[in-house]
Amino acid sequence: MVQADVLVVGGGGAGCSAALHLAQRGVRVLLLERGLVGGQATGVNYGGVRQQGRHPAGLPLARKSREIWSRITELTGSDIEFDPCGHLKLARSPEDEAELLRWNALAAEHGLRPRMIGRNAIREQHPYFSDVVIAGSLMEEDGSANPRLLAPALARAARAAGADIREHHAVTALDHDGNAFEVLANGTRFTAPWLLNCAGFWGGEIAARFGEPVPIEKLHPNMLVTEPLHYFLRESLGVVGGDLYLRQIPRGNIIFGGGRGESDAEIRVTRPRPDAAFGAMQRAIAVIPRLAHAMVIRSWTGTDGEMPDHFPVLGPSRTTPGLLHAFGFCGEGFQTGPGVGAVLSELVMDGATDVPLDAFDIGRFTAAQIAV
């Protein structure tokens with residue numbers, strides 16, 4: 001039997017950040033990851049560090065996380081290729097432009113300062129855009145990072161701070177005796193009074209074990225990357241509607257995505273879908289015509305969890321003392337992962353956090369809602 005103060009299940013950005021923040025406060029924390037840290041949603045996404053476009057209820061968490069991103073190299077001791085290059089969200093219709101203006105007004109209430117760019121200015125600043133682009137909104141403090149580097153860097157820093165990180169430890173049994181949790185993984189029993197459920201899509205299974213089923217669905221983002229091209233694009237791009245996201249790295253490769261991949265029934269294998277890939281290519285060319293002759297050299301996908309209201313589950317269990325949930329980030333958890341870990345550590349150590357969590361409460365899913 002291995003004893004700890006806190007058990008974390010799931011080695012993505014949220015779980016590894018929680019382990020690091022807790023270890024830095026002297027907590028005996030042990031993290032169990034079924035594969036490799038960062039092997040699922042945290043490591044296979046687009047890499048956007050974006051506040052722009054988020055629902056107002058999610059902005060306090062995004063802002064808390066953005067502050068951590070500003071010192072991510074100091075926090076982890078690693079270069080995660082974070083680049084505050086700005087996030088430019090594009091309008092392709094008058095209705096899109098109205099949506100940008102609406103969100104910008106809401107963002108101002110939260111202290112954010114996105115900047116609208118009209119038709120003439122966006123042509124002057126970005127002559128490679130086609131006529132389909134009629135306006136844009138720029139969040140200058142947003143940016144991007146390398147998703148393959150985040151969770152491993154957080155895990156290394158957590159280990160250095162004293163955390164026990166165990167990869168290839170799939171949880172096969174989980175129980176709570178009223179005082180502590182007991183987890184079985186790789187034939188070893190682990191116990192602690194706190195359990196952090198950071199298991200991504202599979203977090204729904206853990207919640208259900210404690211009487212809190214949620215209507216979570218698997219989400220497989222469809223991603224692609226081109227050969228290196230002449231460098232021309234500084235900002236990370238998105239579009240109103242979310243069916244295209246695109247950025248260029250300094251080496252010249254264009255990373256972009258849109259649509260969904262697929263998996264087998266048990267999610268042992270995930271794969272990108274050709275139809276989704278072709279659709280993303282067509283939308284990218286429609287926005288930036290010079291990409292028409294770019295060669296795509298790789299495509300991929302992975303697994304995240306998606307909730308029907310597009311909000312994650314984050315906060316205390318309604319049924320089990322000592323259980324904290326943080327899963328189902330709907331493809332938007334890369335930016336918030338560092339902040340989620342900080343929130344979880346605050347809930348364990350301080351009993352409260354400065355981030356409003358009501359919108360993320362697992363109690364919003366009643367039995368009647370699930371039945372529908």
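Reader: How many bridges join strand S15 to S21, which run antiparallel?
Author: The model is predicted, so local features are given at pLDDT of at least 70 and side-chain atom pairs only at pLDDT 80 or more, while totals for chains, interfaces and linings use all residues. Residues are numbered from 1 along each chain as its sequence is written, and side-chain values use heavy atoms, with hydrogens and water left out. Strands (E, at least two residues) and helices (H or I, at least four) are DSSP runs numbered from the N terminus, and two strands pair if DSSP finds at least two bridges between them. Strand S15 covers residues 221–226, and the number of bridges that join this strand to S21 is 4.

Reader: Which residue in S21 is the bridge partner of Met-223?
Author: Strands S15 and S21 run antiparallel. Within S21, the residue bridged to Met-223 is Trp-300.

Reader: Which strands stand at the edges of the open sheet of 8 strands?
Author: The pairing in this sheet is mixed, and its strands follow the order S6-S7-S5-S16-S17-S18-S15-S21. Each edge strand has a single partner strand, so one side of each is left without a neighbour in the sheet, and these edge strands are S6 (115–117) and S21 (296–300).

Reader: By what angle are neighbouring strands of this 8-stranded sheet turned against each other on average, and what angle does helix H5 make with S5?
Author: Axes are lines fitted to C-alpha atoms, for helices over the stretch in contact, and angles run from 0 to 180 degrees between N-to-C directions. With direction ignored, neighbouring strands of the sheet are turned by 20° on average. Helix H5 (residues 94–109) packs on the sheet, touching S5, S6 and strand S7 (135–139), where touching stands for contact, that is, heavy atoms within 4.5 Å. The direction of helix H5 makes with that of S5 an angle of about 140°.

Reader: Which side chain of opposite charge is nearest to Lys-89?
Author: Lys-89 has its place in strand S5 (residues 87–91), and it touches, among residues over four places away in sequence, Gln-52, Leu-100 and Ser-137. Lys-89 is buried (under 20% relative accessible area, with exposed over 50% and partly exposed in between, for a 1.4 Å probe and protein chains only). Lys and Arg count as positive and Asp and Glu as negative, without His and the chain ends, and a salt bridge needs a side-chain nitrogen of Lys or Arg within 4 Å of a carboxyl oxygen of Asp or Glu. Lys-89 has no salt bridge, and at a distance of 6.1 Å the nearest side chain of opposite charge is that of Glu-99.

Reader: Is Arg-63 buried, partly exposed or exposed?
Author: Arg-63 lies in helix H3 (residues 59–69), and beyond its neighbours within four places in sequence it is in contact with Gln-51, His-110, Gly-111 and Leu-112. Its relative accessibility is 37%, and therefore Arg-63 counts as partly exposed.

Reader: Where does Ile-267 lie, and what is its phi?
Author: Most residues other than glycine have a negative phi. Ile-267 lies in the loop between strand S19 (262–263) and strand S20 (270–271), and it counts as buried because its relative accessibility is 12%. Its phi is positive, near 55°.

Reader: What angle does helix H1 make with S3 in the sheet of 6 strands?
Author: This open sheet has the order S9-S3-S2-S13-S24-S23 with mixed pairing. Strand S9 (164–166) and strand S23 (313–316) each have a single partner strand at the edges, so one side of each is left without a neighbour in the sheet. Neighbouring strands are turned against each other by 15° on average, direction ignored. Helix H1 (residues 13–24) packs on the sheet, touching strands including S2 (6–9) and S3 (29–32), and its direction makes with that of S3 an angle of about 165°.

Reader: How is the pair of Phe-181 and Phe-210 classed?
Author: Rings of Phe, Tyr and Trp (its six-membered ring) pair if their centres lie within 6.5 Å, and planes under 30 degrees apart count as stacked, over 60 as edge-to-face and the rest as tilted; by this rule the count comes to 8 aromatic pairs. The ring centres of Phe-181 and Phe-210 are 5.7 Å apart and their planes stand at 80°, so the pair is edge-to-face.
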